[in-house]
Amino acid sequence: MGSSNANKGYDVRDLKLAERGRDRIAWAERDMPVTRMVRERFSKKKPLEGLTVGACLHVTSETAVLMRTLKAGGARVFLCASNPMSTQDDTAAALVKYERIPTFAIRGEDSKVYYRHLRAVLDQAPVVTFDDGADLVSMIHKDYRDLMPQVRASMEETTTGVIRLKAMAKDGVLGIPVVAVNDADTKHLFDNRYGTGQSTLDGILRATNVLLAGRTVVVAGYGWCGKGVASRARGLGANVIVTEVNAIRALEAAMDGFSVRPMREAAKVGDIFISVTGDKDVITREHFRLMKDGAILCNSGHFDVEVDVRGLEKMAKHAKRGIRDSVDGYQLADGRWIYLLGGGRLVNLTAAEGHPSAVMDMSFATQALTAEWVSAKRLRLPAQVHKVPVEVEEQVASLKLASMGIRIDRLSPEQKRYLNSWQEGT
């Protein structure tokens, strides 16, 4: 799937959708005061002047607010989608028509178009990139190695992407500096937990309209995303089971009051299964064979590999597409039906609108300020995975508190000395 716009410096579904997209962006921006404050300063100071930025992110209204902020800072911005099913076509059209930001994203685009869009961004020779899953970085290493010397840094905002990039650094093959924005406290403590928690259940409810109260919800993975999903499912009255491979996280889930079991046991009793691990083959044929008639499966972790969709398709004697929007049914040989949401892709984006703007505000403000920090560095950062600077985190948190009308205490000079000394004992 592509469009005739590809040769015009952008590729979106229909520019006629732009006005609706502009309204959507304005609505999101109302709940993003920190990013607005950053953009106001960027508009005056132009800290990104002359910088070419390439971004591979979910093309949503919140992302549009970030793109506007980077452009206000003086950057030349090019955007493509990080997930074929997460693009809001009206937002993409508005970015092209009203913001003059070249955007390459069409909801439902096939793999061929997806990678063509990645190339369209990298063909602009960006010196700073933004990634959601490390696709731009991967393509740079495979097909655009000539760009490596000029790339100042790539900002990675997903857990899976950071894991992959750290593995590349460990193996000595990472050729560009990367900043692990996902690991910033102002990102994962809020975006991953509160954003994923709410938006995942939003996607499930929009797709199915099921009552969660009294149902058994199985959450695979108890990282920050899993914690958010589990707590919100319990808040809606669900009986929550957590599955884990990490002993410490499993212990934490147990002490948070959740039942912890292996997936093989949970598969027998679960009504709704939500995978949030970032790994592949979390829910497989072994588990499908044990599930109840009417079990609902979805993924809110990463890509479409957490649920073995191909295995489910091969097991099914009959498949029914589009039972509801974002709901496909698979009938097994014994007559049981299993329902898959969003084709196994991120349910919060395929069936809903992704994370609420208020929580993305901090994540994207952190992204913008980290780009400013990178652009201000006189010397090129080493080709390794870097942390977001503490001063960026503190600035974002302080701005967010101020926007909420919250004030906090400050340490006195004596308290600071006490905390930083060893001479004064008990």
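What is the relative accessible area of His287, and is this residue buried or exposed?

Modeller: The model is a predicted one, in which local features need pLDDT of at least 70 and side-chain atom pairs count only at pLDDT 80 or more, while totals for chains, interfaces and linings use all residues. Residues are numbered from 1 along each chain as its sequence is written, and side-chain values use heavy atoms, with hydrogens and water left out.

His287 has a relative accessible area of 7% and is therefore buried (buried means under 20% relative accessible area, exposed over 50% and partly exposed in between, with a 1.4 Å probe and protein chains only). The residue belongs to helix α12, residues 285–288 (helices are DSSP runs of H or I with at least four residues, strands are runs of E with at least two, and both are numbered from the N terminus). Setting aside residues up to four places away in sequence, His287 touches Met263, Arg264, Ala267 and Val282, where contact means heavy atoms within 4.5 Å.

Ile296, in strand β11 (residues 295–299), is likewise counted as buried, because its relative accessibility is 7%. Beyond residues up to four places away in sequence, Ile296 touches Thr208, Val210, Asp271, Ile272, Phe273, Tyr339 and Leu341. Ser363 stands 67 residues from Ile296 along the chain, and their C-alpha atoms are separated by 31 Å.

The nonpolar cores come next; such a core is a set of buried Ala, Val, Leu, Ile, Met, Phe, Trp, Tyr and Cys residues joined through side-chain atoms within 4.5 Å. The largest has 49 residues, of which Met67, Leu70, Val128, Phe130 and Met155 touch the most other members. Helix α15 (residues 357–376) supplies the largest share of this core, 9 residues. Apart from this core lies another, of 26 residues, including Val217, Ala238, Ala253 and Phe258. When its neighbours within four places in sequence are left aside, Val128 is in contact with Leu51, Thr52, Val53, Gly54, Arg152, Ala153, Met155 and Val374.

In helix α6 (residues 135–143), the buried residues are Asp135, Leu136, Val137, Met139, Ile140 and His141.

Turning to helix pairs, two packed helices are described by the angle between their axes and the distance between the axes. The axes of α8 and α15 come within 9 Å and cross at roughly 150° (axes are lines fitted to C-alpha atoms, for helices over the stretch in contact, and angles run from 0 to 180 degrees between N-to-C directions). α8 is therefore roughly antiparallel to α15, given that angles under 35 degrees count as roughly parallel, over 145 as roughly antiparallel, 65 to 115 as roughly perpendicular and the rest as oblique. The crossing of α8 with α15 is left-handed (left-handed if the near helix is turned anticlockwise from the far one by less than a right angle, right-handed if clockwise). Thr186, Lys187, Phe190, Asp191, Tyr194 and Gly195 of α8 make this contact with Val359, Met360, Met362, Ser363 and Thr366 of α15. By class, the contact has 5 nonpolar, 4 polar and 2 charged residues, with Ala, Val, Leu, Ile, Met, Phe, Trp, Tyr, Cys and Pro counted as nonpolar, Asp, Glu, Lys and Arg as charged, and the others, Gly among them, as polar.

For helix α2 (residues 33–45) and helix α16 (residues 390–403), the axes come within 9 Å and cross at roughly 115°. α2 and α16 are therefore roughly perpendicular to each other, and their crossing is right-handed. Pro33, Val34, Met37 and Arg41 of α2 meet Gln395, Val396, Leu399, Lys400 and Ser403 of α16. This contact of α2 with α16 comprises 5 nonpolar, 2 polar and 2 charged residues.

Helix α1 (residues 18–30) and helix α3 (residues 61–72) have axes that come within 8 Å and cross at roughly 80°. That makes α1 roughly perpendicular to α3. Their contact, of α1 with α3, has 4 nonpolar, 1 polar and 4 charged residues.

Two loop residues complete the account. Arg100, between α4 (89–97) and β3 (103–104), has a positive phi of about 55° although it is not a glycine. Arg100 counts as exposed, at 60% relative accessibility. Asn209, in the loop between α8 (185–208) and β7 (216–220), has a positive phi near 60°. Asn209 is exposed, with a relative accessible area of 61%.
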